[in-house]
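User: I would like to learn how to read aromatic rings in a protein model. Can we work through one together?

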Amino acid sequence: MNQAAAMPTPSAYPLVLLVNLGTPEAPTAPAVRRYLAEFLSDRRVVAIPPLFWQPLLRGLILPLRGPKSAAKYASIWMDGGSPLLVYTRALAAAVQQRLPELEVDYAMRYGAPSLRARLDAARQAGRRVLLLPLYPQYSTTTTASIGDVAQARHAAGTRMIEHYYEDPAWLAAVVNSIAAWRQQHGAGEHLLFSFHGLPQRVANNGDPYPQQCERSAALIAQGLGLPPEAWTLTYQSRFGSERWLQPATDAVLKQLAERGIKRVDVACPGFAVDCLETLEEVGMQFAEGFAEHGGQLRYIPCLNASAEHADALAQCIERELHAWA
């Protein structure tokens, strides 16, 4: 970004918001129910007509899932809040350090701090906003939902970075993170790239997410120098009874155990920061299931607020601001 002799105030530039999915405010059943009620009421997430879906959601799903999900959140909760909140906040601060001429902050699509509120405040102040969804791969169920809010709250003054799944700096950060972890702990016999799942129906309707996940995984494996037989792409976090993207992470782990592979490393390059799905689902649930088959699953943390991660996102932001200018 060009530096002028007399630097404008940060408010003269667009506000930059790193946007993540969201999190309950506490690891309690009421807080989790409030969060899930907002999340699962998004038509991008659940396409069932509200007339049929809302009674089921509020009468059955939330009462049942609230306490169970609260217990899972409690198992990973940190002093500063949920891991997703703590690491997102720290990542925004790290990016801010690299872009001192800008104002960099964060918001959540569901829960607090609210993306809607941040966009309303920016519109009232006459400020433009650059949105960076913390989803490397684009999906209509995640990134597009952020775009919906931007269109509804501040249509004329927002711009969004829709993906960065093959950005060289981001890929290098992921490759270096995995390589450093395996150098420190020793490499397992196999490496899984576990991405968040998606209903197959959504992919069949043209969502580019699976292709972008495949591209990311292939480029990361290439950067690590892995032959095809040394790694596998899988999908996790299925919900409901319909068919989701395959292969499923837990099913592949079972197959690896049956083949006699005892030590598997798992990385989650679809997640910018660690959260319930990485720390509890992969690091606890899947690890326990794999141990029952005599194996050892070792989870490799997300990039979180690492220096290379912040560097990569800062470069994405600078490129987008140049294009916007």
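User: Which residue lies over the face of Trp 324?

Analyst: This is a predicted model. In it, Arg 128 lies over the face of Trp 324. The distance to the ring centre is 4.5 Å.

User: How is a pair of aromatic rings described?

Analyst: Two values describe a pair: the distance of the centres and the angle of the planes. Now the case here. The structure holds six aromatic pairs. One of them is Phe 39 with Tyr 110, an edge-to-face pair. The centres are 5.1 Å apart, with 65° between the planes.

User: Where in the chain do Phe 39 and Tyr 110 sit?

Analyst: Phe 39 is in helix α1, residues 29-39. Tyr 110 is in strand β2, residues 103-110. They are 71 residues apart, so the pair links distant parts of the chain.

User: Is Phe 39 buried or exposed? And Tyr 110, buried or exposed?

Analyst: Buried means under 20% relative accessible area. Phe 39 has 18%, so Phe 39 counts as buried. Tyr 110 has 1% and is buried.

User: Why is the pair of Tyr 73 and Trp 77 called edge-to-face?

Analyst: Look at the angle. Planes over 60 degrees apart count as edge-to-face. The planes of Tyr 73 and Trp 77 are at 75°, so this pair is edge-to-face. Their ring centres are 6.2 Å apart. Tyr 73 is buried, at 9% relative accessible area. Trp 77 is partly exposed, at 24%.

User: Which residues do ring pairs link into a cluster?

Analyst: Tyr 35, Phe 39 and Tyr 110.

Technical notes:
Residues numbered from 1 in each chain as written. Predicted model: local features only at pLDDT ≥ 70, side-chain atom pairs only at ≥ 80, totals over all residues. Heavy atoms only, no water. Phe/Tyr/Trp six-rings, centres within 6.5 Å; stacked < 30°, edge-to-face > 60°. Helix = DSSP H or I, 4+ residues; strand = E, 2+ residues; numbered from the N terminus. Buried < 20%, exposed > 50% of the residue type's maximum accessible area, 1.4 Å probe, protein only. Lys NZ or Arg CZ within 6 Å of the ring centre and 35° of its normal.
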